[in-house]
Amino acid sequence: MASASFPDDTRFGLRRQARLPGPLRLDSGAALGPVDIAYETYGRMNADRSNVILICHALTGDQYVASDHPVTGKPGWWWRLVGEGKPVDPARHFIVCANVIGSCMGSSGPASLDPATGDPHAMRFPVITIADMVRAQAMLLDHLGVDRLHAVIGGSMGGMQALIWPTLYPERVKSCVVIASTARHSAQNIAFHEVGRQAIMADPNWRGGDYYADGAIPSAGLAVARMAAHITYLSEAGLTEKFGRRLQGRPENPNGSKTFGFDADFQVESYLRHQGLSFVERFDANSYLYITRAMDYYDIAEDHGGSLAKAFTASRARFCLVSFDTDWLYPTAESRLIVHALNAGGAQASFVELSSPFGHDAFLLECPELNRVVDGFLKGGRA
Ligand SMILES: CC(=O)SCCNC(=O)CCNC(=O)[C@H](O)C(C)(C)COP(=O)(O)OP(=O)(O)OC[C@H]1O[C@@H](n2cnc3c(N)ncnc32)[C@H](O)[C@@H]1OP(=O)(O)O
Ligand SMILES: N[C@@H](CCO)C(=O)O
C-alpha cells in the first residue's frame, strides 16, 4: 500500500491535496480518475496507526473543520468539537477531514478541470452518491496508509457518510458517531432540495452548468436555493427567538402612517437574504446540484434489499447516535430507526436526543452536552 509521509506535526491544521490515480468506480457505473481530494489533518498518527479519526462534513461544509476558512475567514465549522482539549483532540488523535467529491473546495467536482479536455467538468461530471464520497475517502485513507479508523464522525450529510462507512468497510471502522442525520432522505427532504435545484436551473446565468468561463454565475438562483434550505436548518422557536416579527430599517413617517413594500422589511427576511448572498461567495452552484442529488439518492436500506439491519451485519463497530429535539429536517424518529436496526443486528449502539431551540444546525452551535456525549463515547473506545 503506497503511503504518504507526515514529517510535520500540527495542532492547527495542515492543508493537503492528493491526486489519486483511481479509477474510482461510482454507483452509476461511471469511473472517475484521477481523483483530487483536498483535505486537512490535525495531530500526529501514532506508531500503530490506531488513533485516526475521520470527520465527515455536511452539504456545504468542507475540510476546514477546525482551522480558519480561506474564503470566509471564519473559524472552522466544528471548532467547538475539534481542537486542543476538545472531544476530538489533535494531542491524542490524528484527525482527517476531506472535502467530498462533487464539492468545490479542491476535491474533484463539477468546477474542477477535466484532465481530458482542460475545461471544467460542469454538468458532465458524473452523478455521485454518498457511498461514492465514502469510497473516495477510503482511497485517501489507503494513500495515507490508514487501515482502520478509530472513529468516523459526522453531522447531517456527514452523518450519512459516517453511517455508510461500516456498511462498505466493516473491518475498517471501530466507532461511528452519527449526529443530526438519517438513514435515508425523505420525500420532504427531496422536495426542499428540488426547490433549490430548480431555482438554480431557472437562473439565466446557469446555462446548463457552463457558466465558468465569463464569471456570470447563477448567483440569484443559488442564493434562493440557500435561503429555502437555510429555513430547514432552523426551527420556528429559533426564528421567533432570534427575530420574531421585528422590522428593521423602516423609516418613521411624520404623519404616523405605515410604509409597506417589498424590501427586506422584516429582520428575518434581511437575515435570509444575507445567508443567500454570503453563500454565493463561497459555494459553486453546480456542486450544490450534485451534492443535493447525492443526498436525495441516499437510502441505506434500499441498497441492502430493503433492510437497514442487514446493512450492518458484517460490522463490529460501536455506534453513537445523537439527534436534536427541534430538528425537523432529520427528526429524532430517523435516529431511532437507525438505533433499532443496529440493535436488531446485535450492534452496540447508544442514542441520545439533545434539547436545543436551534433546529437542525444545532449540531454546529454551542452545545456542551454534545461535547460531553461525543467525548464520553470516544473515551469509552479507549483512544
Ligand atoms: C456543516 C458543515 O459541514 S459546514 C457548513 C456550516 N456553515 C454554514 O452553514 C454557514 C451558514 N450557516 C450559518 O451561519 C448557521 O446559521 C450556523 C449554524 C452555522 C451559525 O449560526 P449562528 O452563529 O447562530 O449565526 P446566524 O445564523 O445568526 O448568522 C449570523 C449571520 O447572520 C447575519 N445576520 C443576523 N441578523 C441579520 C439581519 N437581521 N439581517 C442581515 N443579516 C443578519 C449576521 O450579521 C451574521 O453574518 P455573517 O455570518 O456574515 O457574520
Ligand atoms: N448548514 C449546514 C448543515 C446542513 O445540513 C450546511 O450548510 O452544510
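The shell around ligand 2 has four nonpolar, three polar and one charged residues; here Ala, Val, Leu, Ile, Met, Phe, Trp, Tyr, Cys and Pro count as nonpolar, Asp, Glu, Lys and Arg as charged, and the others, Gly among them, as polar. This is a predicted model, in which local features need pLDDT of at least 70, side-chain atom pairs count only at pLDDT 80 or more, and totals for chains, interfaces and linings use all residues. Residues are numbered from 1 along each chain as its sequence is written, while chains are lettered from A and ligands numbered from 1 in the order in which they are written.

**Ligand shells**

- Ligand 2 is surrounded by A58, L59, T60, G61, S156, M157, Y233 and D361 (a residue is near a molecule if its C-beta atom, placed from the backbone, lies within 6 Å of it).
- Around ligand 1 there are 14 residues, of which A58, G61, W77, S270 and H274 come nearest.
- The ligand 1 shell has five nonpolar, eight polar and one charged residues.
- Domain 1 (14-184 + 299-380) and domain 2 (189-291) each supply at least three residues to the ligand 1 shell; the domain bounds come from an automatic or database domain assignment.

**Helix packing**

- Helix α3 (residues 187-202) packs with helix α7 (residues 285-297) at about 160°, the axes being 10 Å apart.
- α3 and α7 are therefore roughly antiparallel (angle over 145 degrees).
- The contact (C-beta atoms, placed from the backbone, within 7 Å) involves I190, H193, G196, R197 and I200 of α3 and A285, Y288, L289, T292, M295 and D296 of α7.
- By class, this contact has six nonpolar, three polar and two charged residues.

Conventions. Axes are lines fitted to C-alpha atoms, for helices over the stretch in contact, and angles run from 0 to 180 degrees between N-to-C directions. Helices (H or I, at least four residues) and strands (E, at least two) are DSSP runs, numbered from the N terminus. Angles under 35 degrees count as roughly parallel, over 145 as roughly antiparallel, 65 to 115 as roughly perpendicular and the rest as oblique. Two residues are in contact if their C-beta atoms, placed from the backbone, lie within 7 Å.
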